[in-house]
Each structure stands twice: as structure tokens, then as C-alpha cells.
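Welcome! Please take a moment to look over the sequence and the 3D view below, and then follow along through a few of its parts.

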There are 2 protein chains.
Amino acid sequence: MKKKLFNKVCIFGVGLIGGSIGMAIKKNGLANEVIGIGRNIVKLKKAVLVGAVDTVTTDYIAGVKDADLIILSMHINSSIEAAKKIAPFLKKDTVVTDVESTKELFCEKMQKILPDGIHFVGAHPIAGLERHGVDVATHRLFAGSVCVITRTSKINKNALLKVERLWNKVGADVVFCSPSQHDKLVAFTSHLPHIAAVSLVNALGKTNAIDKDLKLVVGNGFRDTTRIASSSSEMWQEICITNKKNLLGSLSKLQKELDKMYKLIDGSDDKKLIKEFEKARSIKNILE
Amino acid sequence: MKKKLFNKVCIFGVGLIGGSIGMAIKKNGLANEVIGIGRNIVKLKKAVLVGAVDTVTTDYIAGVKDADLIILSMHINSSIEAAKKIAPFLKKDTVVTDVESTKELFCEKMQKILPDGIHFVGAHPIAGLERHGVDVATHRLFAGSVCVITRTSKINKNALLKVERLWNKVGADVVFCSPSQHDKLVAFTSHLPHIAAVSLVNALGKTNAIDKDLKLVVGNGFRDTTRIASSSSEMWQEICITNKKNLLGSLSKLQKELDKMYKLIDGSDDKKLIKEFEKARSIKNILE
């Protein structure tokens, strides 16, 4: 029988992402054993029920025994806590990876927490932001998606190759960049749009206009622009704080653009307004 | 044979909206004749080819002869110009309606332009913002959509009833409000989200980061938030100017929300950040 990519995989946190990775690993025969680890036994049992993992435990240290791949897919702070707890109990050459939305601070933490001989490879699959929970997990979640893998100077080449292969096998296109490049990019493509959407909705909340008429008039435009990811508020708070510098930089650029639009509309500057709309469309076209 | 709702319908501007109305009127047998009127004979001929209208002309005055319903569905300024040209040539009790995205200024203009005995009823079907052109027109465009009809004190009840019946027959739910109420609502639900999306894209354009990596990393979140309507820049410029007061009011509320978020992130105020995310979700839940 062909040797599998991993022997024992431990997934910390079996929500949509963790659960889907488990399913995809099992579906593609990438490991002999997949174990779900977390704090909430009800959620863990559900993960077994839907076939996301083979077994589960709330005992972090017993759970990671003999594991050769650890996937941290809890909220950022919980994943850091989990790494601290399990670090002394991991066997040599265990690969530790993650799925966190911000990478610079997280990768730094992992370098400090994990001892020599344990190889960390940061990853961020860009998928599934709009739903959550293992109930909606699917082995196809990453098919055709993009997974960013962060490459650092100290990275273990063999571990990197294994994590890349894992994401390729579950159907993702892998993009490599440094943790800081990643955080700069996602500040613009994910975090800033979320802050803008939240602010739009909260501005609307200030109008005392939320009645049945407004509800009917809410067009697709508004729904698209303000689709608030069902991912938790705590997750977004962590993202904001762990990507503070880049997010504030991009937010300040957005504020400048809005100030400009305010002035152009206020001054009825038709030609410059049209130019701004044209510019946006040409940038958008480049991106699609 | 049952009398039809209208005898001769003239549609000024046969793009997605005008063309779809034509198709829906024909499909539902709401008129004996549907004529498309505009400036571009190539576009007009296409409208005949796809079955949006029966005949077409670029001669505004000849076109409206004996019409009992005029639908203005060009850009705002062009619709106003068309109304000025045809006003002296309309027969008594002709109903004039429109599909414009802003209503207060437009309704005022129509009151001034149209002589006594010609009945204006403002309408704004909320549909189809993301595509344009008669090629994508369909008689089903308004099925399940909402159409706002603006009610003023001077409105002719019979004309109002006919326009309401037209929109009901093509599948839309009709909501009534005053022109100024309409403009206040759409400033928040449509115009502000568009300005925010344009500004987000233009802020991104300032980063010099638009390369293949960025393109790959652009997640669904960004795509949804910045889906720039393919409707023309000129249309949006007109919308901004004709709804200036409300749009600037809502834009200034958005700017305040973004300032607040900036401060909370900058100050790492975890609890208040979470509160803002929770607030947005609860407002969003009310709206859906």
C-alpha cells in the first residue's frame, strides 16, 4: 500500500474550516488517522457524526501523542494557547500548520513557542468566510480556492513541501508569500471591506429608518456590499488587532477616498466624479 | 376581447430596464402596441430583434402620437430632455411614468414640464443593477422584485392605479412613498454602498499592489463588497448630483462610523470592537 502523506493528523477546532479539512483529508486518503481536538465536546461529537474526523478528545496533550501533523484552526488566541500547551509533547519533526486570517504576529508567536525540531508552516485558505460550523463543512470547500502559504527564511523545506502537497491534494491553488506580505494584501482584500461593511450597516442603524419600507427597498447592491460574514465578532476583533498596522493604513486610504468623493459630490464636479467611477471600474477589471 | 391596460406604450430608452418592461408588457398582453424610442438606431433595432418592442423610431414627436403611456427609462437628464420635447404633443390623459433611481428632483421637473391633463406617476423598479443593455433584458426581470411608486398630493388617482397595475402585472411588489422618502431610503440602501465600493476599489488602486498575487488573494468578501454595477459612470454621476443632500448626509454618517472604527482598532479596544461587530450583525438581521 502506498504510504500516506501523514500518519496522524490533529485538527484543533472543528468548525467549517477545520471540519472541511478533516473531510478533505479523509476523502483523499491523505492520513491514516484524523483526530479532532477542542474544548466543546458537543461540537466535537458533531464533527465525528458528520464524518469530519475519526475520533475526538478535549485532552490536548493525550490527543497529540504520536501526531505528525497539527492543524491549528481555532480563533487566533485559542490557537496560540493550544500551541503553548502541546509544544513540549510533540515528537521530533512534527509539522504544525494553521489556517489563521492574519499571519505576521502568528508566525512570530509560533517561532517562539515551538521548540527546535518542530516545523511550523503558516497557511491561510481563502474560503468559506460566509458560513460557519461543522454542519456546513464539506470536503469540496477548498476545490478551486486559493491557499496562501507563508514562507520564511527559517522554514523547513520538507515541512513546507508537505503542507503545500496537502493543500494541492484538497484542490487549492497555493500562493506563497511572506507573513508580512500576506497581511498587507488581506488588509485590503478582506479586512478593510469587512470594516467598511460593518460601518455601512452601523451608519444605516443610526437613521431610525429601519422599518418595513426600508427592508423592502434594500436592493441587491446593499445586500452584496454589506454581507457580514457570519464568522464571529471575536474572530474579527482578533483580526483587527493582529493586523492593526496594515488595516489602519488601508482604512486611512479609504477615508481619504471617501473625503474626495464627498467634496466632488458637494461641489457637483461632474467630470471628476465620472473619472472616479471610471477609475474604479478599470481597477476592478484588472482584478477580475 | 378584454380591453388591455394600455393601447400604445412608448418606451424612451430600451436598455436592460426599458427593454425588460417592453418584454413584460408584451408577454402579459398589457398593451396593443409597444414602441421603442431613442437616439441610437442600432440599439433600437436590437430591441426589436430581441422582441422587447414592436417598432422603433428616433423621432420623439412622431413616436408619441396617440400614446396613452410614456415610460421614461433613459438616464435622468436625457429623460428630462425627452419629456420637454414631447410634452406639447401628448394627448389628454396620457400617463407618463419613469424608472429613474432618484425621484425628488425628477418629480419636480415633471410637474413643471408636463402640462395639465398629462399625469405623471414616478416609479423606481429595484432590479437589474448589475447588468446593462437590451441583450440581457428579460420579461422576468421584475418577477419578485420591488417597485417604488412615488405618491404626491397632486397625483391623478386613475393614473396611479394604472401604473400600480402595470408593475403588479409584471410581477413586482409595489411600495408607495413620497419622492423625498424614496431618495432618503435609497441614499442608504443603494447610493452610499456604491460610493463605498468605488472608494474601496480606488483605495486599493493606490497601493501599487495590484499584481497577480493580489488577484489570487482577492477573496469573495472583496468581490461582494466591491461589485461595481456595470451601469454607466454617467448614470452614477447623475444619481450623486440629483440625490446630493441625502447622499452627503449618509456619507457623513459612514465617515463617522469609520472614524470610530479607526480609533477602536488603534486603541486595541477589544470590547468596544466586538460591540460594533455585534451591532452590525443585529441590524443586518433585522433587514433580512
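## A strand and its partners

In chain A, strand 5 (residues 95-98) and strand 6 pair in the parallel sense, and three bridges link them. Please keep in mind that this is a predicted model. Within that pairing, T97(A) stands opposite V121(A) of strand 6 of chain A. To get from strand 5 of chain A to strand 6 of chain A, the chain passes through helix 5 (residues 104-113) of chain A, and this β-α-β crossover is right-handed.

Strand 6 of chain A also pairs with strand 7 (residues 146-150) of chain A, this time running antiparallel, with five bridges joining the two. One place to look is H124(A), whose bridge partner in strand 7 of chain A is V148(A).

Here are the two pairings side by side:

| Strands of chain A | Sense | Bridges |
|---|---|---|
| Strand 5 and strand 6 | parallel | three bridges |
| Strand 6 and strand 7 | antiparallel | five bridges |

How many residues of strand 6 of chain A are buried? Eight of the eight residues in strand 6 (residues 119-126) of chain A are buried, so this strand is largely enclosed by the rest of the structure. Both of its faces are covered: one side carries the buried residues H119(A), V121(A), A123(A) and P125(A), and the other carries F120(A), G122(A), H124(A) and I126(A), which are buried as well.

Now for the helices. Two packed helices are described by the angle between their axes and the distance between the axes. Helix 4 (residues 76-86) of chain A packs against helix 5 of chain A at an angle of about 10°, and their axes are 10 Å apart. These two helices of chain A are therefore roughly parallel to each other. Where they meet, helix 4 of chain A brings I76(A), I80(A), A83(A) and K84(A), while helix 5 of chain A brings F106(A), K109(A), M110(A) and I113(A). Six of the residues in this contact are nonpolar, none are polar and two are charged.

Stepping back, chain A holds 12 helices and eight strands. Its C-alpha trace spans about 70 × 45 × 35 Å along its principal axes. Of the 288 residues in chain A, 51% are buried.

Finally, a stop in chain B: V175(B) is part of strand 9 (residues 173-177) of chain B. V175(B) counts as buried because it has 22 C-beta neighbours inside 10 Å. From V175(B) to R151(B), the C-alpha to C-alpha distance is 9.9 Å, although the two are 24 residues apart in sequence.

Note on methods:
Residues are numbered from 1 along each chain as its sequence is written. Chains are lettered from A and ligands numbered from 1 in the order in which they are written. This is a predicted model: local features need pLDDT of at least 70, side-chain atom pairs count only at pLDDT 80 or more; totals for chains, interfaces and linings use all residues. A residue is buried if 20 or more other C-beta atoms lie within 10 Å of its own, exposed if 12 or fewer, and partly exposed in between; C-beta atoms are placed from the backbone. Helices (H or I, at least four residues) and strands (E, at least two) are DSSP runs, numbered from the N terminus. Two strands pair if DSSP finds at least two bridges between them. A crossover is right-handed if, with the strands pointing away from the viewer, the path from the first strand over the helix to the second runs clockwise. Axes are lines fitted to C-alpha atoms, for helices over the stretch in contact, and angles run from 0 to 180 degrees between N-to-C directions. Angles under 35 degrees count as roughly parallel, over 145 as roughly antiparallel, 65 to 115 as roughly perpendicular and the rest as oblique. Two residues are in contact if their C-beta atoms, placed from the backbone, lie within 7 Å. Ala, Val, Leu, Ile, Met, Phe, Trp, Tyr, Cys and Pro count as nonpolar, Asp, Glu, Lys and Arg as charged, and the others, Gly among them, as polar.
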